[in-house]
Amino acid sequence: MPLLESVLLNLKWSQPLRSFLNELLLLVLIVPGRATFRNLSRYSGYVEKTFSRWFRRKVNWAALNVAAIRAVVPAAHESVLAFDPSYIPKSGKHTEGLGHFWNGSTGRAEPGLEVNALSWVDVTANTAYTISAEMTPPGTGAASATGTPATPETPADPEPVSVQALSRRHKAKAKAKAKAKAKAKTKAKTKTKTKTKTKTKTKTKADPKAKDDDSRVDAYLAHLNRVIPKHDLTRLRYLTADGYFSKVKFVDGIVALKLDLISKLRRDADARYLFTGPYAGRGAPRRYAGKVDWTCRDPAVFAAVVSPDPDLLLETAVVYLPRLRRRVRVVVVIHRQTQRLALLFSTALDLDPATLYRYYVARFQIEFLFRDSKQFAGLTHCQARRTDALTFQVNASLTAVSLSKLQAVQTYGYLPTPFSMASLVRRAFNAHFLKKILAYSAQGQTLTENSPAYETLCNYGIIQPATA
């Protein structure tokens with residue numbers, strides 16, 4: 001790819017790394033079948049062990065992707081950041097990072113891996129490009145996800161017991177049963193008290209799912225803190241994420257990065273109207289004016305705005321969210337026919353409601369990056385078990401798809417609509433194979449049937465060399 005070659009030269013990385021990435025990012029697109037080390041080696045001059053070694057190295061993928069995006073996407077385009085995780089199935093029990101993660105295709109949490117990716121969304125062109133991706137840590141539920149529960153220690157073989165000892169044991173058991181029956185009545189009286197005590201105890205116990213969520217949110221924020229400030233991505237100002245990220249820890253972390261979050265709320269979210277009346281004259285000033293009923297909103301507070309979609313109604317207001325401990329701009333999206341509503345919000349109080357809606361809708365473009373990478377770039381094909389190799393694989397797959405889209409934009413001046421990744425992959429393979437043919441033709445050979453060059457090209461990329 002000409003774009004990749006120019007970007008790698010400007011980054012001034014080592015020549016071996018530039019050569020390897022230049023070949024790898026094309027191979028993951030054109031290789032038929034799974035993008036494993038062995039299958040990649042069949043279409044490359046690198047052997048399987050070389051791929052395995054390179055995949056253990058750290059590469060600044062964010063620098064590569066940001067440089068390519070800024071070289072193609074005009075500065076005048078509306079752009080935002082998008083963040084989202086994606087489930088990756090993984091067989092075996094010894095892979096690093098295995099845990100229970102949410103699988104959107106099945107609608108439940110399943111054992112496997114998860115990749116969280118930060119992307120650049122070009123709202124004007126309605127497409128997204130990957131910036132960086134990392135593997136999500138499994139959290140506290142990792143042991144149960146591997147399918148290998150801890151086995152209790154097996155006690156030693158008991159020593160032989162005499163008949164007299166057995167009779168003593170039976171008598172002791174009978175006495176214990178009699179005592180238990182006598183205490184049953186007293187236990188029944190205190191049963192209600194113990195129930196209340198156990199309820200309070202269970203409330204104080206830490207929820208393992210909450211711990212997993214906290215650890216994963218910390219990992220997400222750590223990823224963003226490593227990438228956004230370093231590459232000056234705060235200029236985009238807004239970061240969009242789905243409803244899972246409407247958590248106080250994540251919102252505070254995004255605001256600390258000098259960004260504004262655009263996300264989604266539950267339809268039963270707790271919110272308060274802001275009090276705008278006069279001061280009562282004593283005590284602390286009143287701040288709130290009652291709870292918001294989303295099905296029966298106050299028309300004096302929620303103002304209707306022009307919707308970019310004729311099938312939708314938009315209403316907006318600034319409310320207080322106790323869960324997030326801050327005021328937010330809320331946009332209520334109502335479908336005209338079904339009257340179903342969705343609640344979007346942003347920490348930017350001055351953001352135009354219609355723009356807020358457009359930015360959140362554009363967030364879905366990151367899902368197409370995951371889809372195309374899984375179908376055409378081997379996102380789920382990594383055979384390694386180490387976290388560094390898995391991180392290299394997912395970044396290579398997502399970057400290959402992004403660079404393909406950027407190369408199409410640079411070539412045609414716009415992204416073809418509809419954009420077909422399947423056609424692009426097929427064209428890339430045809431161009432790659434034609435270069436192989438032309439290389440043999442340039443040597444003065446005729447490529448007649450049954451010639452050595454003809455047989456070499458016929459066996460290109462196959463598992464077992466054969467003759468016709």
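Helices are DSSP runs of H or I with at least four residues, and strands are E runs of at least two, numbered from the N terminus. The model shown is predicted, with local features needing pLDDT of at least 70 and side-chain atom pairs counting only at pLDDT 80 or more, while totals for chains, interfaces and linings use all residues. Residues are numbered from 1 along each chain as its sequence is written, and side-chain values use heavy atoms, without hydrogens and water.

View 1. Two or more lining residues come from each of helices H1 (2-11), H2 (15-30), H13 (387-412) and H14 (421-441), with H14 giving the largest share, 8 residues.

**View 2. Helix H10, residues 248-256.** Phe250, Val251, Gly253 and Ile254 are the buried residues of this helix, where buried means under 20% relative accessible area, exposed over 50% and partly exposed in between (1.4 Å probe, protein chains only). Seen down the axis of H10, these buried residues fall within an arc of 160 degrees, so they line one face of the helix; the arc is that of the directions from the helix axis to the C-beta atoms. Just after H10, Lys258 takes a positive phi of about 65 degrees.

**View 3. Cys296 and Cys382.** Cys296 counts as exposed, at 55% relative accessibility, whereas Cys382 is buried, with a relative accessible area of 10%.
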